[in-house]
Amino acid sequence: MQEARSGGEALLFLTDEQLRKGIEAMFFAYRGFTADPDRILNNYAYGRAHHRAVHFIHRSPGTTVNNLLGILGVTKQSLNRVLRTLITDGLVESRVGTKDKRERHLFLTDEGATLERELSGAQRKRMRDAYRAVGPDAVAGFREVLEAMMEPELRRYFKALKDAQT
């Protein structure tokens, strides 16, 4: 276990410099993680909000607008703009709830599913390559660190998605 620690230092005591390097690594990794999808989204004149909406609608077909609002943490007005574009462009379908007519349930169309596969395929490739480069112990540790950084409510959303296995 000692070998897994950076420079043999205990994980419970990190210097400000080590933390700064971790923060900067997250910034640069995020740029890499979003670069491929950004190029794809640019072809549609879409942004990252469209990507996130498509991703989570794919993960939870039939999710409600309110559930998506909770996951994305955006304003209703902002989400409605994104959804209106995706619906108009034929990528997302909105259906009235069967139990509650006020609810709108969201589904990807075939075209939306194609876009989602293209976007997630680019990100899966980047993650797969990185995971292969660092090995299984690092993969598990990385996921644990990410989960530990999540706000408790967002961790519940994450665990619900993970448990759904869709």
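Student: How far apart are the end C-alpha atoms of helix 4?
Tutor: This is a predicted model, to be clear. The ends of helix 4, residues 76-88, are 18 Å apart by their C-alpha atoms. That agrees with the span you'd expect, because 13 residues at 1.5 Å a residue should also give 18 Å.

Student: Which residues of helix 4 are buried?
Tutor: Leu79, Val82, Leu83 and Leu86. They sit on the same side of helix 4, because the arc they cover around the axis is only 95 degrees.

Student: And which ones are exposed on the other side?
Tutor: Over there you find Gln77, Arg84 and Thr88 exposed.

Student: Zoom in on Leu83 for me. What is it in contact with, leaving aside neighbours within four places in sequence?
Tutor: Leu83 is in contact with Ile57, Val65, Leu68 and Leu106. Leu83 also belongs to the largest nonpolar core, which has 24 residues. Leu83 is among the members that touch the most others, together with Ile57, Leu68, Leu72, Leu79, Leu86 and Leu106.

Student: Which elements supply at least two residues of this core?
Tutor: Helix 1, helix 2, helix 3, helix 4, strand 3 and helix 5 (110-134) each do. Helix 3 gives the largest share, with five residues.

Student: What follows helix 4?
Tutor: Gly90 does, with a positive phi near 80 degrees.

Student: How many bridges join strand 2 to strand 3?
Tutor: Five, and the two strands run antiparallel. If you want a landmark, Val92 is opposite Leu108 of strand 3.

Student: Let's look at Ala45. Where is it?
Tutor: Ala45 is in the loop between helix 1 and helix 2. Its phi is positive, near 60 degrees, and this residue isn't a glycine.

Student: Is Ala45 buried or exposed?
Tutor: Exposed, because its relative accessible area is 67% and anything over 50% counts as exposed.

Student: What about Arg39, where is that found?
Tutor: Arg39 is in helix 1, which covers residues 16-42. Arg39 counts as exposed too, because its relative accessibility is 53%. The C-alpha atoms of Arg39 and Leu119 are 9.5 Å apart, although 80 residues separate them along the chain.

Student: Last topic, the chain as a whole. How many helices and strands are there?
Tutor: Seven helices and three strands. From the N terminus the elements go α-α-β-α-α-β-β-α-α-α.

Student: What box do the C-alpha atoms fill, and what share of the residues is buried?
Tutor: The box is roughly 60 × 35 × 25 Å along the principal axes. Of the 166 residues, 27% count as buried. As for contacts between residues at least 6 apart in sequence, 50% of them join residues at least 24 apart.

Note on methods. Residues are numbered from 1 along each chain as its sequence is written. This is a predicted model: local features need pLDDT of at least 70, side-chain atom pairs count only at pLDDT 80 or more; totals for chains, interfaces and linings use all residues. Side-chain values use heavy atoms; hydrogens and water are left out. Helices (H or I, at least four residues) and strands (E, at least two) are DSSP runs, numbered from the N terminus. The expected span of a helix is 1.5 Å times one less than its number of residues. Buried means under 20% relative accessible area, exposed over 50%, partly exposed in between (1.4 Å probe, protein chains only). The arc is that of the directions from the helix axis to the C-beta atoms. Two strands pair if DSSP finds at least two bridges between them. A nonpolar core is a set of buried Ala, Val, Leu, Ile, Met, Phe, Trp, Tyr and Cys residues joined through side-chain atoms within 4.5 Å. Contact means heavy atoms within 4.5 Å.
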